Amino acid sequence: LVSQRRCPLKALNQTLSKICKLILKQHRAWCKVIHSLSGINYMWISDNFNDVLSKLDKINSRTKAVSAKQYDFSTLYTSLPKQFILDQLNWCIEKAFIGGKKEFISVYSSNARFVDKPRDNTLCFNEEKLKNVFRFVIENAFFKFGSIVIKQQQGIAMGLDPAPFIANLSLYACEHKFQAKLSKENYNAAKQNNNNSRYID
């Protein structure tokens with residue numbers, strides 16, 4: 001776990017966290033529309049355990065659940081290859097800008113928003129600039145141990161402000177693509193995944 005209180009990129013990483021929240025919000029809205037039209041749930045991210053409980057209650061209100069299974073990532077952050085993370089994150093960014101229907105994301109003190117024309121002196125990103133900033137942060141994680149400087153070669157640095165959001169969005173992109181492909185090949189199988197939930201504690 002990396003403590004980055006004195007990291008020179010601390011402010012930038014906090015900014016990226018706000019942007020990740022906006023991107024996730026955009027994808028939640030998109031998946032809600034898809035679910036209403038197709039009956040397939042593409043969004044498995046849970047913010048808390050209550051989401052899982054509500055799904056179990058819903059199943060049991062119709063019929064008794066036969067079984068429930070749970071799995072755990074033991075080393076998620078450092079298991080994801082950097083290029084995989086960047087590819088999935090870029091996909092999320094592209095889709096979010098399409099859904100946001102604006103050219104820029106402006107970042108404010110408490111949040112980030114899609115805008116057509118940023119205010120003067122407001123930090124803002126277009127799609128390409130945002131991709132480049134995420135690439136820089138992910139590819140340039142350095143750690144100092146005494147006089148030794150080490151560069152992280154794989155995964156996301158634990159302790160990085162946007163790390164949970166980056167991991168969440170990367171896995172969500174895979175889940176979304178998986179559900180989209182499965183719904184075309186086997187609709188019933190895709191629908192059976194509707195009660196899947198994934199939670200980063």
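Analyst: Quick ground rule before we start: two residues are in contact when they have heavy atoms within 4.5 Å of each other. Also, keep in mind that this is a predicted model.

User: Got it. Which residues of α1 and α4 meet, then?

Analyst: From α1 you have Leu12, Asn13, Leu16, Ile19, Cys20 and Ile23, and they meet Leu130, Val133, Phe134 and Val137 of α4. Sorted by class, this contact has nine nonpolar residues, one polar and no charged ones.

User: Why is α1 called oblique to α4?

Analyst: Look at the angle: the two helices pack at about 125°, with their axes 12 Å apart. Roughly perpendicular stops at 115 degrees and roughly antiparallel starts over 145, so an angle between those limits counts as oblique. That's why α1 is oblique to α4. The crossing of α1 and α4 is left-handed.

User: And what makes α1 roughly perpendicular to α3?

Analyst: Here the axes cross at roughly 70° and come within 9 Å. The roughly perpendicular range runs from 65 to 115 degrees, so α1 is roughly perpendicular to α3. The crossing of α1 and α3 is left-handed too.

User: Which residues make that contact between α1 and α3?

Analyst: Ile23, Gln26, His27 and Trp30 come from α1, while α3 brings Trp91, Cys92, Ile93, Lys95, Ala96, Gly99 and Gly100.

User: How do you know whether valine 133 is buried or exposed?

Analyst: Check its relative accessible area, which is 15%. Buried means under 20%, so valine 133 is buried. Valine 133 lies in helix α4, and leaving out residues up to four places away in sequence, it touches Leu12, Leu16 and Phe125. Leucine 16 is 117 residues from valine 133 in sequence, yet their C-alpha atoms are 8.7 Å apart in space.

User: What about lysine 55: buried or exposed?

Analyst: Same test! Its relative accessibility is 14%, and the cut-off for buried is under 20%, so lysine 55 counts as buried. Lysine 55 is in helix α2. Beyond residues up to four places away in sequence, it touches Asn41, Asn194, Asn195, Asn196 and Ser197.

User: Which residues have the most contacts inside the largest nonpolar core?

Analyst: Ile19, Ile23, Ile105, Leu130, Phe134, Ile156 and Ile166, in a core of 47 residues. Elements giving two or more residues to this core include α1, α3, α4 and α5. Take isoleucine 23: apart from neighbours within four places in sequence, it contacts Cys92, Ile93, Ala96, Leu130 and Leu169.

Key: Residues are numbered from 1 along each chain as its sequence is written. This is a predicted model: local features need pLDDT of at least 70, side-chain atom pairs count only at pLDDT 80 or more; totals for chains, interfaces and linings use all residues. Side-chain values use heavy atoms; hydrogens and water are left out. Helices (H or I, at least four residues) and strands (E, at least two) are DSSP runs, numbered from the N terminus. Buried means under 20% relative accessible area, exposed over 50%, partly exposed in between (1.4 Å probe, protein chains only). Axes are lines fitted to C-alpha atoms, for helices over the stretch in contact, and angles run from 0 to 180 degrees between N-to-C directions. Angles under 35 degrees count as roughly parallel, over 145 as roughly antiparallel, 65 to 115 as roughly perpendicular and the rest as oblique. A crossing is left-handed if the near helix is turned anticlockwise from the far one by less than a right angle, and right-handed if clockwise. A nonpolar core is a set of buried Ala, Val, Leu, Ile, Met, Phe, Trp, Tyr and Cys residues joined through side-chain atoms within 4.5 Å. Ala, Val, Leu, Ile, Met, Phe, Trp, Tyr, Cys and Pro count as nonpolar, Asp, Glu, Lys and Arg as charged, and the others, Gly among them, as polar.
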